[in-house]
Amino acid sequence: MTIKKFQGRTEEEATAKAREELGPQTVIMNVKEIKPKGFLRSFKNAVFEVTAAIEEVEQAATIASAMKSMMPRPGNINMAADEPISIPRPEPISIPRPESISMPKPEPMKEMFASVENSWNSSMNPMGTEEKKKENLVENNLEEKLESLQSLLEKKLAPRQEPAENLPKEAPMDENFKFIKMIYSILLDNEVDEKYVNQIMDEVEKVMKGGASVDLILSSIYQKMILKFGQPQPIELSGRKPRVVFFIGPTGVGKTTTIAKIASRFKVEKGKRVALFTADTYRIAAAEQLRTYANILDTPLNIVYSSEELNEELRKSEDYDLVLIDTAGFSHKNEEQRKETRELVDKVPGEYQKEVYLVLSATTKYRDLIDIADIYKENFQFKMIFTKLDETSCLGNILNMKLYTGADLSYSTYGQNVPEDIELFDTQKIVKILLGGK
């Protein structure tokens with residue numbers, strides 16, 4: 001298939017240019033009005049950009065027949081993005097060739113997303129009247145978040161305008177297959193591991209083979225990805241106090257800043273008593289940075305050099321609700337420092353509730369994330385916090401690490417501002433981004 005863009009003062013002029021160059025079988029895939037920019041924009045006229053494509057008749061004829069032949073065969077559909085698709089050559093099929101085929105703007109897909117939300121919410125959270133009111137607010141918010149994804153799918157799935165009697169019987173399956181391929185490609189572009197993409201597609205394959213509509217397939221993919229992420233697990237304070245929370249991870253991922261953000265949330269917003277400890281005695285700047293935050297929050301900072309000192313300071317902090325402990329950031333290959341951190345965690349007396357959070361950067365390469373997780377899994381049972389979401393456009397590694405480690409997700413951060421740039425992990429927003437939204 002050849003795809004090109006043409007511009008003209010009107011939509012008709014741009015379309016005429018496309019058909020003049022590509023021929024009468026040109027398919028108009030998208031029409032966009034480009035408004036002028038810059039200081040002199042008020043003196044310029046808008047132009048129209050047409051995205052057009054031309055497809056060989058033989059290719060169009062064989063796709064539908066090949067999809068029909070695939071239906072009764074058992075097994076999975078292999079949709080590797082870069083793997084060529086081999087389609088057997090069937091008997092010639094006569095397909096009408098009108099002078100032109102236009103692509104009207106499809107019907108809005110709001111009902112599709114509404115059905116996604118309704119089916120997900122009804123299956124997971126049966127609620128009373130008051131809860132339903134709150135849920136309606138969540139649904140409205142989700143609809144706004146999915147607006148850009150809706151626009152993307154509307155453009156890419158715009159149906160061809162042909163008489164109903166001229167459409168081949170395989171058209172619905174052909175549309176579903178193209179939709180699945182599109183989602184597959186989007187997930188790979190967002191750096192989701194191909195084996196996890198295949199798992200998701202395998203799970204929706206039965207829905208597709210059952211002749212489901214595109215909106216039902218999207219609903220299934222959306223819900224399955226939500227389930228794979230699971231519910232985020234924040235720090236919870238119980239009756240026993242203080243709760244002791246360790247933050248571990250490699251250097252440069254933002255542990256100290258993340259601790260300051262969490263401390264601020266609990267002290268300022270929830271009115272809890274928070275104490276800060278640091279066991280990072282390798283970097284002088286680390287203790288000073290945390291001390292600055294402690295002074296701003298008017299909360300104590302204790303520097304500990306051993307597990308004995310840590311336990312002694314914990315006994316002095318029994319009136320506090322939460323103790324946040326910063327550990328030394330080091331290479332996951334540094335065995336000695338890793339043992340020191342493990343000793344700090346293991347020797348906390350059993351009377352204290354403790355938990356460990358592995359802090360990871362969303363900008364780290366997937367191969368390195370796997371190496372880090374393998375080392376820390378041997379020593380700790382942890383939940384995960386992802387930082388620097390604002391510094392990358394590909395968030396697939398978050399899903400990769402969730403499925404690879406099985407650990408719960410907790411918080412995500414997206415900037416240096418304290419305490420603003422942190423939130424409880426927003427599963428719906430991340431899924432929307434992974435499916436091509438913004």
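The protein chain exposes about 23,300 Å², of which carbon and sulfur atoms supply 49%; accessible areas come from the Shrake-Rupley method with a 1.4 Å probe, and for residues only the protein chains shown count as cover. This is a predicted model, in which local features need pLDDT of at least 70 and side-chain atom pairs count only at pLDDT 80 or more, while totals for chains, interfaces and linings use all residues. Residues are numbered from 1 along each chain as its sequence is written, and side-chain values use heavy atoms, with hydrogens and water left out.

Of the 438 residues of the chain, 45% count as buried (under 20% relative accessible area, with exposed over 50% and partly exposed in between; 1.4 Å probe, protein chains only). The secondary structure comprises 15 helices and eleven strands, taken as DSSP runs numbered from the N terminus (helices H or I, at least four residues; strands E, at least two).

Eight strands form an open sheet with mixed pairing, in the order S6-S5-S7-S4-S8-S9-S10-S11; two strands pair if DSSP finds at least two bridges between them. Strand S6 (301-303) and strand S11 (422-424) stand at the edges with a single partner strand each, so one side of each has no neighbour in the sheet. The twist averages 25° from one strand to the next.

Within this sheet, strand S7 (residues 322-326) has five of its five residues buried. Leu322, Leu324 and Asp326 lie on one side and Val323 and Ile325 on the other, and both faces are covered. Strand S4 (residues 243-248) pairs with S7 in the parallel sense over five bridges, and Val245 has Leu324 as its bridge partner in S7. Strand S5 (residues 274-278) also runs parallel to S7, joined by five bridges; here Phe277 is partnered with Ile325.

A helix pair can be considered next. The axes of helix H8 (residues 214-229) and helix H14 (residues 396-405) come within 9 Å and cross at roughly 60°. Axes are lines fitted to C-alpha atoms, for helices over the stretch in contact, and angles run from 0 to 180 degrees between N-to-C directions. H8 and H14 are therefore oblique to each other (under 35 degrees is roughly parallel, over 145 roughly antiparallel, 65 to 115 roughly perpendicular and the rest oblique). Met225, Lys228 and Phe229 in H8 meet Ile398, Leu399, Lys402 and Leu403 in H14, where contact means heavy atoms within 4.5 Å.
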